[in-house]
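Subject: Structure handover

Hello,

Here is the structure I said I would pass on.

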Amino acid sequence: MRQVGALIRSARQDRSLTQAQLAERVGTSQSAINRIEQGSQNISIELLARLSVALKSELVTFGDRPRPSHIRVEGGHKLHGSIAVNSSKNGAVALLCAALINRGTTRLHRVARIVEVDRIIDVLRSMGVQVTWYGDDNSVEIKVPENLNLAEIDADAGRRTRSVLMFLGPLLGRFDNFSLPYAGGCDLGTRTVEPHLIALRPFGLEVEATTGWYRATVSHDVPERVKVVLTERGDTVTENAIMAAAVRDGVTVIRNASPNYMVQDLCFYLQELGIEVEGIGSTTLTIHGNANVNADVDYWPSEDPVEAMSLLTAGIVTGSEITVTRVPIEFMEIEMATLSEMGLRYSMTDEYDAANGKTRLVDITVYPSELRAPIDKIHPMPFPGLNIDNLPFFVVIAACATGDTLIHDWVYEGRAIHLTDLTRLGANVRLRDPHRLDVSGPTHWSGAEVSCPPALRPAVVILLAMLAAKGTSVLRNVDIISRGYEQLQERLISLGAKIETFRD
């Protein structure tokens, strides 16, 4: 229903109709159209047919394979106005997994309504967890039954998201053995699960990879005090270790932990459950676990620094003045310092608290600027370094700057090559090796047709470049963008972008 609602909203906006005008055309109320577009009202085939006629758009097809969505962009226009950063997709996914720790009721507010979240919810529901969306602020209520039914787990949804790996930590506190479907996600090259297994072995977990499944066995012969040294300071690896520590009666010390935004969100939520977590924001965490948590809690995930970077980049590459509000500045300071070195002019408000009472937010206004290439290469690092997911945005920004920039993406051996698609739009981006890109600017962007790469951030980077490219561009097969962004096209339209979603 949510996906159909998004299609209806996009088609209505493309036709420049208000909700009231569309309601009049199909013989219903404006409030009903609003509920339909939010995905909170059932819709009959007959009403769907009337909507299709009114919007002159085939909204849904029936058959074995749905038709992919495409985006048409009329570029070269300045953006304007203000836009708020949504809550974190990565934070929401971790919190949904962590809700398995709680025998009480968890209510999460302002949750990102994206495909990745939907897939995790599908997996939870298939296990017997009651998950209910409610309210106007994307709130979700999670009630975990006494006995989970892993025999009915939705393997298809699980295999389409790498986040299913984060069930390992909470489930090892409930079962002696269990199975999870193989993890999927973006095509970013080989991404081993071994760091997860290394992190969880001290808790008695052993995993055997079989065809399509991870078969897990749990030994409960674990000392009261456990020390875990992570071989990789990964976000999801750290989260898995934290959840494994939380579901046991005992004290766990985790060293080389990621202190990134989604990890801090998870720790703050655990504190709401009454679990003591020391060292939040550092690379050493001490967790006093509890095998029998039963609490009714409300939690607000923090804002997403990667979405903040996406929106700021939209203003930067189009030479626009826009304001992005609710930016989690603690997780954007290196990015802003790098942009300042490149000559970006911007202003920033004083800090204020996020709804969780912990995360520091600011509003940032970017102004048209003459950008120059940085002296040193741009590369990511674990927090507090430049965010690994924010690195691709610096490729399109560097393409707008005068001079030569070296971008070093040392984490993924398959991501950099997707960014060479910017050459189709006029950029001078050269692949030095699987991890390094040479970018020369400034670019005289021009419209082109590009197939969407099978990786989320590069896909969004190409869309943002199309906003700067004069003429008409087409980005084909864009469904992957909905994995990590809620209504991104519509939100860019609210800033003045000329974007149309269509199907062949």
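This is a predicted model: local features need pLDDT of at least 70, side-chain atom pairs count only at pLDDT 80 or more; totals for chains, interfaces and linings use all residues.

Helix pair. Helix H10 covers residues 235-246 and helix H11 covers residues 261-272; the two pack with their axes 9 Å apart, at an angle of about 15°. Angles under 35 degrees count as roughly parallel, so H10 is roughly parallel to H11. The crossing of H10 past H11 is right-handed. On the H10 side, the residues that meet H11 are Asp 235, Thr 238, Glu 239, Ile 242, Met 243 and Ala 246. Their partners in H11 are Met 262, Val 263, Leu 266, Cys 267 and Leu 270. Sorted by class, this contact has eight nonpolar residues, two charged and one polar.

Cysteines. The structure has zero disulfides. Cys 267, one of the H11 residues that meet H10, is in no disulfide: the nearest cysteine sulfur belongs to Cys 97 and is 15 Å away. Cys 267 has a relative accessible area of 1% and is therefore buried. Cys 400 is in no disulfide either, with the nearest cysteine sulfur, that of Cys 452, 19 Å away. Cys 400 also counts as buried, at 18% relative accessibility.

Serine. Ser 126 lies in helix H6, which spans residues 115-126. The relative accessible area of Ser 126 is 18%, so this residue is buried. Apart from neighbours within four places in sequence, Ser 126 is in contact with Asn 149, Glu 152, Ile 153 and Asp 154.

Regards

Technical notes: Residues are numbered from 1 along each chain as its sequence is written. Side-chain values use heavy atoms; hydrogens and water are left out. Axes are lines fitted to C-alpha atoms, for helices over the stretch in contact, and angles run from 0 to 180 degrees between N-to-C directions. Helices (H or I, at least four residues) and strands (E, at least two) are DSSP runs, numbered from the N terminus. Angles under 35 degrees count as roughly parallel, over 145 as roughly antiparallel, 65 to 115 as roughly perpendicular and the rest as oblique. A crossing is left-handed if the near helix is turned anticlockwise from the far one by less than a right angle, and right-handed if clockwise. Contact means heavy atoms within 4.5 Å. Ala, Val, Leu, Ile, Met, Phe, Trp, Tyr, Cys and Pro count as nonpolar, Asp, Glu, Lys and Arg as charged, and the others, Gly among them, as polar. Buried means under 20% relative accessible area, exposed over 50%, partly exposed in between (1.4 Å probe, protein chains only). A disulfide is a pair of cysteine sulfur atoms within 2.5 Å.
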